[in-house]
Amino acid sequence: AEIHEPTGGAWGGTYVNDKVKKMIEGIIGVEIAKKLTTDDWLEFMRVNVQEIKDKMDDRAQRVSLSLPLAFISAVENAGGDVSHLFRGILFMKYNRKKGYIIMESHVLSKCFKDPL
């Protein structure tokens with residue numbers, strides 16, 4: 001029996017993680033994103049990527065993303081406001097106390113295009 005390295009296609013491996021990370025970096029800014037640790041990003045991905053994939057499978061109109069406190073703190077420490085970052089781009093609802101945003105799924109669907 002041969003063992004092949006899994007490719008995962010467009011929705012597997014780290015492809016979606018990389019696209020989601022680039023999308024978030026584009027929203028919060030690269031300089032703020034650089035202040036986040038690898039553990040911060042891993043926590044964000046662990047909590048959200050499967051949710052994103054499930055919603056894309058279901059063709060849901062909205063997706064709820066949990067924002068780890070490190071993300072919120074990095075933006076606020078840089079003098080920003082998370083709700084203003086998302087407003088007008090893809091923001092629908094932001095709840096700082098619970099640490100989540102609800103966004104239109106069509107924005108996230110870009111993370112699933114251009115298969116490897």
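**Exercise 1. Strand pairing**

Which residue in β3 is the bridge partner of serine 66?

Solution. The model is predicted, so local features need pLDDT of at least 70 and side-chain atom pairs count only at pLDDT 80 or more, while totals for chains, interfaces and linings use all residues. Residues are numbered from 1 along each chain as its sequence is written, and side-chain values use heavy atoms, with hydrogens and water left out.

Step 1. Locate the strands, which are DSSP runs of E with at least two residues; helices are runs of H or I with at least four, and both kinds are numbered from the N terminus. β1 covers residues 62–66, and β3 covers residues 100–104.

Step 2. Check the pairing, for which DSSP must find at least two bridges between two strands. β1 and β3 are antiparallel and share five bridges.

Step 3. Read off the partner: serine 66 is bridged to tyrosine 100 in β3.

**Exercise 2. Two faces of a strand**

Sort the residues of β1 into a covered and an uncovered face.

Solution. Step 1. Recall that side chains in a regular strand alternate between the two faces of the sheet.

Step 1. Assign the residues. Val63 and Leu65 make up the covered face of β1; Arg62, Ser64 and Ser66 make up the uncovered one.

**Exercise 3. A helix and its end**

Compare the span of α1 with the expected value, and state what follows the helix.

Solution. Step 1. α1 runs through residues 15–28, which is 14 residues.

Step 1. The expected span is 1.5 Å times one less than the number of residues. For α1 this is 20 Å, and the helix reaches 20 Å from its first C-alpha to its last.

Step 2. List the buried residues (under 20% relative accessible area; exposed is over 50%, partly exposed in between; 1.4 Å probe, protein chains only). In α1 they are Tyr15, Val16, Val20, Met23, Ile24, Ile27 and Ile28.

Step 3. After α1 comes glycine 29, with a positive phi near 95°.

**Exercise 4. Aromatic rings**

Which residues form one aromatic cluster, and how are their rings arranged?

Solution. Step 1. Rings of Phe, Tyr and Trp (its six-membered ring) pair if their centres lie within 6.5 Å; planes under 30 degrees apart count as stacked, over 60 as edge-to-face and the rest as tilted. The structure holds three aromatic pairs.

Step 1. The ring centres of tryptophan 41 and phenylalanine 44 are 6.3 Å apart and the planes stand at 85°, so this pair is edge-to-face. Tryptophan 41 and phenylalanine 44 are three residues apart in helix α3, so about one helical turn separates them.

Step 2. For phenylalanine 44 and phenylalanine 71 the centres are 5.0 Å apart and the planes at 20°, so this pair is stacked. Phenylalanine 44 is in α3 and phenylalanine 71 in α4, so the pair ties together parts 27 residues apart in sequence.

Step 3. The cluster consists of Trp41, Phe44 and Phe71.
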